[in-house]
Each structure stands twice: as C-alpha cells, then as structure tokens.
Amino acid sequence: MNLTDPLVEVDPDVQSAIAAERDRQESTLDMIASENHVSEAVMDAQGTVMTNKYAEGYPGERYYGGCRYMDEVEQLAIDRAKELFGADHVNVQPHAGTQANMGVYFTVLEPGDKILSLELSHGGHLSHGHRANFSGKLYDVEQYEVDPETGYIDYEEVAAHAGEFAPDIIVSGSSAYPREFEYDTIQEIADEVGAYHLADIAHVTGLVAAGVHANPVDHDVPFVTGSTHKTIRAGRGGMILCDEEYADGVDSSVFPGSQGGPLMHNVAGKAVGFAEALTPEFEEYARQVVDNAKRLADVFRQHGLSLVSGGTDKHLMLVDLRESHPDLTGKEAESALEDVGVIVNKNTVPGETRSPMVTSGIRVGTPPLTTRGFGEDEIETVGDLMVEVLNDPDDAEVTDRVSAEIDRLCEEFPIYG
C-alpha cells in the first residue's frame with residue numbers, strides 16, 4: 001500500500017458505502033432538522049492533511065511544534081465567528097455541541113451543582129441534564145416544561161421554578177422547541193436568582209449568524225454554545241462564545257479539561273463554513289429556511305395536523321400525531337415517509353405516553369431542502385405529499401405515486417450536481 005493509493009483500491013468496502021450514502025442523500029429529501037448539506041469547499045477542507053497534525057493548546061500556545069498553519073486556520077475560524085456573533089471570545093475546538101456544553105459546565109459548576117433546563121420530551125436536549133447523559137449524572141437537574149395548552153414556554157413558571165430551586169445555571173435552548181427563546185427574560189430570571197445563563201443555539205446557529213433569529217449575545221448572555229454543522233453548514237463540531245472574563249476558564253475547560261488535541265480538519269471546515277456564512281447569499285438562505293418552515297407549517301395545519309405551539313418561528317416544527325392520526329406512532333410515520341424518500345425523525349411530544357423509541361410525533365425541518373434550492377412552492381408540494389402518505393401509509397397506489405414525485409424533485413434539485 002502507498003499513501004497515494006486511491007480509496008477504491010485501499011478499501012473498496014468503505015468506498016462503496018460512501019458512494020451509496022451520497023446516492024441516498026441525492027435520491028431522498030432530508031427533512032431532519034439537525035442535518036444539512038455542506039458545500040464541496042467545506043468537505044474539501046475537512047478531507048485534508050490537517051487531519052495529520054496534533055495541535056494541543058491554542059494559537060500561539062501549542063504543546064507541539066509545527067503548528068504554524070494550524071494556528072492560522074484556527075485563528076481564521078475564531079475571528080470569523082466573532083464577526084458573525086459579536087462575541088468577546090470564541091473557542092472553536094469542541095468536537096460537538098454536547099462537548100461545548102460540557103466546557104461551560106466545567107467552567108462554572110462543581111459536581112452536584114444545580115441545572116434548570118427544558119425537559120427533553122418538551123423539546124430539550126440530552127446534554128441539558130438528562131439522566132442518561134453526563135450532565136444528568138454529575139449535576140442536580142430540574143427541568144421546566146411548555147404550557148400544555150399553548151405549547152409555549154411559560155416564563156412566569158420558569159421564574160417561579162428558579163426561585164424555588166435556586167439553580168446555579170439556567171439553560172435556554174432545545175432540539176425540538178419550535179419557538180424562539182426569550183433570552184432577555186431568562187437572563188433577567190438568572191440575574192434574580194444569582195445563576196449563570198447558558199444559551200444553547202445548536203439548532204439555530206446559522207439563523208442567528210444571519211440575523212434572522214435573536215442573538216443571545218445581544219442580550220448579555222454570558223455563555224452561548226452551538227453546533228457548527230446544522231443551520232450554519234460549516235465543519236462538523238461545536239463552539240463556545242463567552243464574555244471575556246470567562247475566556248481563560250472556558251479554554252482550560254475544553255483543553256485540557258474535557259478534550260485532548262483538536263480535530264484540526266474539522267476546525268478548517270468550520271473556518272470555511274463561517275466564511276460562507278458572512279456572505280449576503282447566506283443571509284438569503286437563512287431567511288428562506290424560516291419562510292419555508294412557516295409555509296410547511298401552514299400546509300400541515302390546513303390538512304388537520306396538530307403542531308406543538310401551533311407553528312414555528314424558525315427552521316423546524318414538531319408534529320403531534322395523537323389527534324389527527326391516533327393509531328399512527330412516530331416510528332411508523334418515520335418509516336412510512338422514508339419508504340417514499342422523505343427522511344424525518346420520530347420525536348417525543350409534550351405529555352408523551354409512548355417510549356422515546358416509538359413516540360407520538362415527528363420532527364420536521366427545512367434547512368437541507370432549502371440548501372438544495374427549494375422555495376415555498378416546492379415546500380408546499382412536499383408537505384402535501386407527506387400528508388398523503390401519513391393518511392394512507394399502506395396504500396401502494398399512494399406510495400408509488402408519491403415516490404415518483406419525490407424522485408422528480410430530487411432530480412430537479414440535485415445537491416452537488
């Protein structure tokens with residue numbers, strides 16, 4: 001074997017799987033809210049010799065020699081993120097959003113300290129204190145919920161809960177809550193009870209960067225974490241934004257506190273994606289993501305589907321099937337849609353009675369289709385097709401016709417051409 005031998009010769013099995021996955025993405029419509037299609041440029045950056053280099057430490061302060069170009073690339077990612085979000089300090093080394101949250105917790109919390117966050121089945125995230133996650137194992141966690149009638153967070157209830165629980169940190173952020181968080185309100189609550197405030201913008205990082213979603217940095221939130229591969233379409237991983245006074249603590253909590261060497265090929269992908277996010281075209285994209293989501297929510301409502309909170313402010317919506325399709329589980333809905341080429345994920349809903357592996361809802365997002373060039377008319381067509389399948393998942397005539405239409409849309413809107 002030579003270092004220059006092509007993948008197809010070195011490992012045809014892996015090459016085959018990669019090719020099949022590319023075909024799968026091109027031939028299906030990805031509507032998973034946490035996924036997206038990055039540019040060829042981002043993929044090029046991630047598949048480079050940057051993967052060969054250890055660069056423990058930070059720009060100008062590495063534990064290894066030969067890091068000149070590692071420093072250059074990481075500093076580009078940092079500077080671009082600062083420009084995008086207006087943050088005092090940025091750490092771009094977390095391997096994922098969960099590791100970004102870990103970095104913040106390790107900065108200001110001790111084991112046993114208290115976290116107040118949104119409950120998982122109401123749209124929260126594992127890393128906000130779920131008992132199966134490190135955050136739920138290390139810390140004392142209580143969680144707030146959405147109002148069962150409106151589907152919105154009741155901030156008066158959050159304030160009352162915080163007053164009783166006296167948390168050390170309050171987390172705002174979600175994986176399936178379709179409304180914007182009132183960052184200023186939660187910051188006021190945190191100030192009142194003497195807690196830190198962490199805003200996890202993992203899902204909406206790109207929308208925040210483009211100015212089409214509220215920016216917690218503008219509301220004096222001291223800690224902001226995010227994923228870098230969802231709505232912002234950069235290299236896969238996470239990042240932390242924080243006030244300057246916490247910079248040293250955050251950096252040491254990431255390295256050496258919770259990670260070793262950074263994945264510099266991913267940091268390179270982050271830098272490239274951030275550069276793309278600074279363009280006017282990206283702002284247009286982000287606005288279209290939201291417009292598409294709102295149109296899709298309209299379509300679902302018109303067909304009688306129940307949406308948690310009645311709609312969306314951002315890129316996703318949560319469909320509660322219990323009223324419109326009481327005999328259809330989220331798992332069955334996910335499978336039926338995948339059979340015709342539409343990829344969504346089953347998801348718990350507020351007041352869930354089924355297991356997380358079955359669920360009563362599905363989460364639907366518009367970022368990947370918007371990346372492919374879908375506008376509101378195409379989104380409306382997709383929404384109509386999805387409802388047809390949900391109404392008659394076992395009707396072969398319906399599924400054959402919908403599959404053909406999905407194939408047509410995939411050919412009309414290729415990802416990479």
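How far apart are the mean positions of the positive and negative charges of this protein? Hold that thought for a moment, everyone.

First, the ground rules. This is a predicted model, where local features need pLDDT of at least 70, side-chain atom pairs count only at pLDDT 80 or more, and totals for chains, interfaces and linings use all residues. Residues are numbered from 1 along each chain as its sequence is written, and side-chain values use heavy atoms, leaving out hydrogens and water.

Back to the charges: the mean positions of the 28 positive and 76 negative ones are 3 Å apart. Lys and Arg count as positive, Asp and Glu as negative, while His and the chain ends are not counted; each charge is placed at NZ of Lys, CZ of Arg, CG of Asp or CD of Glu.

Now the overall build. The protein has 17 helices and 15 strands, taken as DSSP runs (H or I, at least four residues, for helices; E, at least two, for strands), numbered from the N terminus. The C-alpha trace spans about 65 × 65 × 40 Å along its principal axes. Of the 417 residues, 54% are buried, meaning under 20% relative accessible area with a 1.4 Å probe, protein chains only.

Let me finish with H315, which sits in the loop between β11 (306-307) and β12 (316-320). H315 is buried, at a relative accessible area of 0%. Its side chain makes a polar contact with the side chain of H203 at 3.0 Å; that term means a pair of N or O atoms within 3.5 Å, where within protein one must be able to donate a hydrogen and the other to accept it, and residues adjacent in sequence count only if both atoms are side-chain atoms.

Technical notes:
Buried < 20%, exposed > 50% of the residue type's maximum accessible area, 1.4 Å probe, protein only.
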